[in-house]
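Welcome, and please open your viewer. We will go from stop to stop, with something to select at each one.

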Amino acid sequence: MKRSIIITGGAGFIGSHVVRLFVNKYPEYKIINLDKLTYAGNLANLKDIEDKPNYRFVKMDICDFEGVLKLMQEEHVDGIIHLAAESHVDRSIKDPFTFAQTNVMGTLSLLQAAKACWEPLGYPEPCRFYHISTDEVYGALEMTHPEGIEPPFTTKASSGKHHLAYGESFFTEDLKYQPHSPYSAAKASSDHFVRAFHDTFGMPTVVTNCSNNYGPYQFPEKLIPLFINNIRHRKPLPVYGRGENVRDWLYVEDHARAIDLIFHEGKIAETYNIGGFNEWKNIDIIKVLINTVDRLLGRPEGADLDLITYVTDRAGHDLRYAIDSSKLQKELGWEPSLQFEEGIEKTVRWYLDNQDWMDNVTSGDYQKYYEDMYRGR
Ligand code: NAD
Ligand code: TYD
């Protein structure tokens, strides 16, 4: 094999898309999916590639330094793409310890293992430690708008592209970190450790900060899959606060393509923001979801608007996220391939067509998949 790469968190939402892309696109690479299979890890996400000869699954905790080191030595690993994390803000509010353990200590354990493996060799090309982070480390943006113009208004990115926005400022790579939730605080800390390993030990690292992803295989605790499933079953839709918060949405396969590009062509020690200039208020997305599900199920459009239920706001709820991804576009030529309307239609169809996947996840049966699959191997 030409290269041997560990992808951590490959059984999760984004990780499974990255694993699939790499396994299919690079048959000459060995792709090792290292995942602990927490509640968020689901090997059924990778059914279509699990028998490919260049794919290996290893059930392991990233905090297991000895285990990771042994695996790296055994497999002559020359690249790590690190996605494993606790990823849900609401859970981090209830249980911050687990977030510090996995996101901070787990990242540090991986960094130490990579250092132990690569430092004696002088970090030879093409060694890379690629850390996947979030835009949430930058904190929250204001909803300011030019005099007399109601948001969303059209504005122009530094790349020259026009897009709709709810405010005049954006997350750029040079912004200072101001995380608010235990989730984003833990991710911010892990980003700092990754950069420290470059600055202190010369490890070839790269960090990317991406906006909210959506698409197939997302765990139904996050807004989009949770609401699609609830609309289908006519269950209440718990909208936090007044539904006025703004998120910047990117189709997950576009994120996976960016990760592929940056892993191969990104500059060492650089940070790249990834996002699609696609800001939406939660309440507007929710209405699009209701209309789309209703239409695809043959219900009168909007029939389920009365499912909207305003509930107590999330503690410390960040008002607005908006990524400026001009650097990535200018330096590496990346652009999202899908318009939001197209991406949402595709996503809703996928969840409606894959009710078995959803039922497996919501019933908890998916956690037996690993045991059944690996029994006797
Ligand atoms: P996810 O919660 O769907 O999946 C996380 C995966 O990590 C699961 O397979 C889980 O089993 C695994 N994992 C958790 N703890 C582990 C441990 N200790 N050892 C090994 N594996 C472990 O997450 P996601 O939404 O796919 O996010 C992946 C990464 O991308 C995260 O680092 C997240 O911070 C980042 N990110 C996510 C988004 C988003 O919108 N989902 C946006 C930007 C960045
Ligand atoms: P989420 O998918 O949890 O992503 P994040 O918190 O990382 O942005 O939430 C997206 C937005 O939707 C966020 O503003 C919180 C809101 N939200 C609700 O209003 N109700 C819900 O049940 C959930 C899960 C989220």
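## First stop: a covered helix

Select helix α7 and look for its buried residues: Val252, Asp254, His255, Ala256, Ala258, Ile259, Asp260, Leu261, Ile262 and Phe263. That makes 10 buried residues out of 14, and the helix is mostly covered. Keep in mind as you look that this is a predicted model. From its first C-alpha to its last, α7 (residues 252-265) reaches 20 Å, close to the 20 Å expected at 1.5 Å a residue.

Now pick out alanine 256, which sits in α7. Is alanine 256 buried or exposed? Its relative accessible area is 3%, so alanine 256 counts as buried.

## Second stop: ligand 1

Select ligand 1 and show what surrounds it. Of the 28 residues around this ligand, which come nearest? They are Ile14, Asp35, Ser87, Tyr183 and Lys187.

A polar backbone atom of phenylalanine 13 is 3.0 Å from an oxygen atom of ligand 1. At lysine 36, a backbone N or O atom is 3.0 Å from a nitrogen atom of the ligand. Asparagine 213 brings a backbone N or O atom to 2.8 Å from an oxygen atom of ligand 1. On its own ligand 1 would expose 830 Å², and the protein buries 97% of that.

Color the shell by element and you will find that α1 (13-25), β5 (128-134), α5 (182-201) and β9 (212-214) each supply at least two residues. Strand β5 gives the most, with 3 residues. Colored by class instead, the shell shows 13 nonpolar, 11 polar and 4 charged residues.

Move on to ligand 2, which has 18 residues around it, the closest being Glu136, Pro238, Arg247, Arg314 and His317. Zoom in on glutamate 136, where a polar side-chain atom lies 2.7 Å from an oxygen atom of ligand 2. The side chain of asparagine 282 has an N or O atom 2.9 Å from an oxygen atom of the ligand. For leucine 223, look at the backbone: an N or O atom there is 3.0 Å from an oxygen atom of ligand 2. Taken alone this ligand exposes 510 Å², of which the protein buries 96%.

Both α6 (223-232) and β10 (237-240) supply at least two residues of this shell. By class, the shell has 8 nonpolar, 5 polar and 5 charged residues.

Most residues other than glycine have a negative phi, and most peptide bonds are trans. Here are some places to look for something else.

- Select the loop between α4 (96-118) and β5, where you will find proline 126. The peptide bond from glutamate 125 to proline 126 is cis.
- Tyrosine 123 is in the loop between α4 and β5, and its phi is positive, near 45°.
- Proline 152 lies in the loop between β5 and β6 (153-156), and a cis peptide bond joins it to proline 151.
- Phenylalanine 277 lies in the loop between β12 (271-274) and β13 (279-281), with a positive phi of about 50°. At 16% relative accessibility, it counts as buried.

## Last stop: confidence

Finally, color the chain by pLDDT: the mean is 96, and 99% of the residues reach 70 or more.

Definitions and conventions. Residues numbered from 1 in each chain as written. Chains lettered and ligands numbered in written order. Predicted model: local features only at pLDDT ≥ 70, side-chain atom pairs only at ≥ 80, totals over all residues. Heavy atoms only, no water. Near = heavy atom within 4 Å. Polar contact = N/O pair within 3.5 Å; in protein donor to acceptor, adjacent residues only side chain to side chain. Areas by Shrake-Rupley, 256 points an atom, 1.4 Å probe, with all protein chains shown as cover. Helix = DSSP H or I, 4+ residues; strand = E, 2+ residues; numbered from the N terminus. Nonpolar A, V, L, I, M, F, W, Y, C, P; charged D, E, K, R; others polar. pLDDT = per-residue confidence, 0-100. Expected span 1.5 Å × (residues − 1). Buried < 20%, exposed > 50% of the residue type's maximum accessible area, 1.4 Å probe, protein only.
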